[in-house]
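Take a look at the structure below.

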Amino acid sequence: MIRTARVVAAVSTLALVGTLLAGCAQEGTPTAAEIDVRTLDSSGYPVDRYTYDRTANGGGTVLEGMRMADAVVPTVRADSTLKVGRGGIVLNSVDDVIDVSHLSSTARPVLENRGFMVGFATSGADKPDIAEDKVDPSATTVTIRLLRFPSEDAAKLAAREIADADFNVALDQNRKLTLAEYPDALIHWRPTVPTIGVAMPRKEFVISLFIVRTTPDQTQLMSLVKKTLDAEVPAVDAFTPTPKDSIAQLPFDPDRMLARTLVDSRDNRTPDADAFGYFGPNMLVHAANDQGVRQRLVDSTGMDLMANAGDGYMFRTTDQKAGNDLVSGLIAILEGVENGPAPDGIPDSKCIHNSKNTAYRCYVVYKRYVGVVNADNETDAHKMATAQYALLANSL
């Protein structure tokens, strides 16, 4: 199971945040047909135009891992039946690869010896989990890992050694398979077990697949291997990895998405995929209950960047109309929520709460940007939405 990163989980469910800050009006210059944000009470949140440090500050590999989220396809692109997203996550360490993405522990020495740098993994299924982190035993699941190494040669060696180590666990039972379309793919399965494993080098990466079906049918398993590689290989080929010696200089917030996202404090911020990061559009799809619906929403609105900062979120679309369409689409796919009043005087804002009135969320659209704030009561949600609007208006 791929643990669902909070960045994607929180846009699918109503998250809580309980901070309430007293505040005052903030400076700002209105443009034509806009409200004067200087008149807004931002409740003590920082809403002036801001820029975070322009370099990674030691978090370069984390930033590269976040970039890699767009080099790993949501499983629905491999097979339309695999529409239930089970999450996506940056793999910051060898421990993450083994303990979180559940690559065989036999791969640990290989990852360590071949210089594993960072990775990203996602998982999807044709049926929802029956409980948190518990797969339906009648489901088909596909896990895709993309693992970065220092060089193409290191990736080739790692792929071979990962495949051999796993194969040798049951040397007398495992069987090697091949795909003519992907001669570099190292594939093996056990004829009595309904799973199949793949390790394939591609550029500086190893594409690692683990596929589970309900019956040990070689034809069906190999069909899913091919479909998944057909979707994943072009995504890897289209991705430009940051040169190893440039990763430390990766920009922290190159499009100022994090700087536009409401936080209670800007101090001591470092890259963090779960709590302070930015991603391309795939991240919104990886954990969707219906990836096809979410993918179509991303495509139709041109959503190309997203950020998470604490319990706040930011999305960038093609224009203001697309931003409003994104909000309507995100609300439409939530379950157990009710519409609530929007904050006074804040245009293009919508608020919802769950049916038990324990969590509140407001969406604020400003030009091509969509800000999302969460709170545990309506008053706080409105204060945060007002501050988010002021921050967006001041951030141009």
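Leaving aside neighbours within four places in sequence, which residues is Arg54 in contact with? They are Leu250, Pro251, Phe252, Asp253, Pro254 and Arg256. Contact means heavy atoms within 4.5 Å.

This is a predicted model, where local features need pLDDT of at least 70, side-chain atom pairs count only at pLDDT 80 or more, and totals for chains, interfaces and linings use all residues. Residues are numbered from 1 along each chain as its sequence is written, and side-chain values use heavy atoms, with hydrogens and water left out.

**Arg54**

Arg54 sits in the loop between α1 (6–9) and α2 (60–67). Helices (H or I, at least four residues) and strands (E, at least two) are DSSP runs, numbered from the N terminus. A polar atom of the Arg54 side chain lies 3.2 Å from the backbone oxygen of Asp253. Arg54 counts as partly exposed because its relative accessibility is 42%. Buried means under 20% relative accessible area, exposed over 50%, and partly exposed in between (1.4 Å probe, protein chains only).

**Helix α2**

In α2, 6 of the 8 residues are buried. They are Gly60, Val62, Leu63, Glu64, Gly65 and Met66.

**Helices α8 and α9**

The axes of α8 (residues 291–301) and α9 (residues 320–332) come within 9 Å and cross at roughly 170 degrees. So α8 is roughly antiparallel to α9, a term for angles over 145 degrees. Arg294, Leu297 and Thr301 in α8 meet Ala322, Asp325, Leu326, Gly329 and Leu330 in α9.

Note on methods. A polar contact is a pair of N or O atoms within 3.5 Å; within protein, one must be able to donate a hydrogen and the other to accept it, and residues adjacent in sequence count only if both atoms are side-chain atoms. Axes are lines fitted to C-alpha atoms, for helices over the stretch in contact, and angles run from 0 to 180 degrees between N-to-C directions. Angles under 35 degrees count as roughly parallel, over 145 as roughly antiparallel, 65 to 115 as roughly perpendicular and the rest as oblique.
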